[in-house]
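Hi everyone, thanks for coming. Today I'd like to walk you through one structure, residue by residue, so please have a look at it while I talk.

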Amino acid sequence: MDQLCCLHDFEKLALTKLPKPAADYYGAGACGEHTLQLNKSAFQRLRIRPRVLRDITIRDTSCEILGSKVEIPIGVSPSAMQKMAHPEGECANARAVGEKGSVYILSTLSTSSLEEVAEAAPDTIKWFQLYIYYNRDSTKELIKRAENAGYKALVVTVDANVLGLRYADTKNKFVLPPHLRLANFSGKESEMNATSGSALTSYTDSEFDSSVNWEDIKWLKSITNLPIVLKGIQTSDDAVIAATVGVEAIMVSNHGARQLDTAPASIEALPEIARAVGNKCEIYLDGGVRYGTDVFKALALGAKMVFIGRPALWGLACGGQKGVKKVLDILHNEFSITLGLAGCNSLEDITKTMVVHEDYYSKL
């Protein structure tokens, strides 16, 4: 790993190490993968307007998220079935995030149970990502277990009532390898059996409640004291409703471009949401972050923190806990340098006037 200098290096190496079904599952987007490409290319169309002749000798990258201090505004998003990337899976990922003093979000569809991750990474700030199941008792049980295991927030995925069309998984007839299990469940909810297409699609169709609506968010708030983050908000309309029902945070995300193809890039959707919500709840961004400059741009346009999904998986595949830690180290270093070159000492110094669309300069 000493030769890996940027996140793209990790991705290239990881794809040589992972079995094709796992690599495609982690890496693929929906349909024609237009939004998958857009998530990254949209960042490239934004320009940073740096300020100069400022003393940036000391730079502070810390901030406070839902009442917890984090050392970097870069956390790790929920990704399913991480033991396909490394035998220690989610536990190794969570420990690496803890080393960086940031936030790790565990997926409902993890291959290490929420209790196992809590025990393996006791000092990491952990949030639990929740899908709402047809079986509400199963949903309530997951919430209670997360509370008892010390998770600090619930991250409710709101953009997956129907699973997106992921052609790579269909072609590969994707199924969880037989030596692994969905560790948060027993019985039929832990099973992902082979079918004529993607076993994940069959699983979600049978287990995830497609009728979930805003009343269910109110129901969740009535049964837990944990802060609720809604992951998958892409419009100002829904952001305003989220703030109105009293959620503590929203994550601007298109599910890693794995749901609705040709939806906007997360960074494109962010500004209108930030304008609409203001300080009514915290705003995070997930999708397409590959460089420290991307982190800076997201913070300038209204996010309080960003989260990465695939890059952490690439790090996990390349070197387990050390691999994830190096991915985060690279992003942290890039962000710190960007902060200084833009003329900022801390996150509070980043202003929205520092980032503009490339069209700002087209009149030249």
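Let's begin with R166: setting aside residues up to four places away in sequence, R166 touches Y25, G29, L200, H255, R258 and Q259. Please keep in mind that this is a predicted model. You'll find R166 in the loop between β7 (154–157) and α7 (167–172). Is R166 buried or exposed? Its relative accessible area is 6%, and buried means under 20%, so R166 is buried.

In an unreviewed entry, the annotation "binding site" covers Y25, Y131, R166 and H255. Let's visit Y25 next. Y25 belongs to helix α2 (residues 20–27), and with a relative accessible area of 5% it is buried as well. Its contacts beyond four places in sequence include R166, F174, L200 and R258.

Now for H255. The unreviewed UniProt entry also gives H255 the annotation "active site". Where is H255? Look in the loop between β9 (249–252) and α11 (266–277). H255 counts as buried, at 12% relative accessibility. Away from its sequence neighbours within four places, H255 is in contact with Y131, T157, D159, A160, R166 and K231. With D159 there is a polar contact, side chain to side chain, at 2.9 Å.

Y131 leads us to the rings. Y131, Y133, F185, Y203 and F208 form one aromatic cluster. How many aromatic pairs does a search of the whole structure find? The search finds eleven. Take Y133 and F208: their ring centres are 5.2 Å apart and their planes are at 75 degrees, so this pair is edge-to-face. The pair links distant parts of the chain, 75 residues apart. Y133 is in the loop between β6 (125–130) and α6 (136–148), and F208 is in the loop between α8 (199–207) and α9 (214–223). Y133 is buried at 0% relative accessible area, and F208 is buried at 4%.

F208 also pairs with Y203: the centres are 6.1 Å apart and the planes at 85 degrees, so that pair is edge-to-face too. Both Y203 and F208 are buried.

One last stop, at W219. The charged end of R136 sits over the ring of W219, 5.6 Å from its centre.

Note on methods
Residues numbered from 1 in each chain as written. Predicted model: local features only at pLDDT ≥ 70, side-chain atom pairs only at ≥ 80, totals over all residues. Heavy atoms only, no water. Phe/Tyr/Trp six-rings, centres within 6.5 Å; stacked < 30°, edge-to-face > 60°. Helix = DSSP H or I, 4+ residues; strand = E, 2+ residues; numbered from the N terminus. Buried < 20%, exposed > 50% of the residue type's maximum accessible area, 1.4 Å probe, protein only. Lys NZ or Arg CZ within 6 Å of the ring centre and 35° of its normal. UniProt positions renumbered as here; feature names shortened; annotations may be inferred. Contact = heavy atoms within 4.5 Å. Polar contact = N/O pair within 3.5 Å; in protein donor to acceptor, adjacent residues only side chain to side chain.
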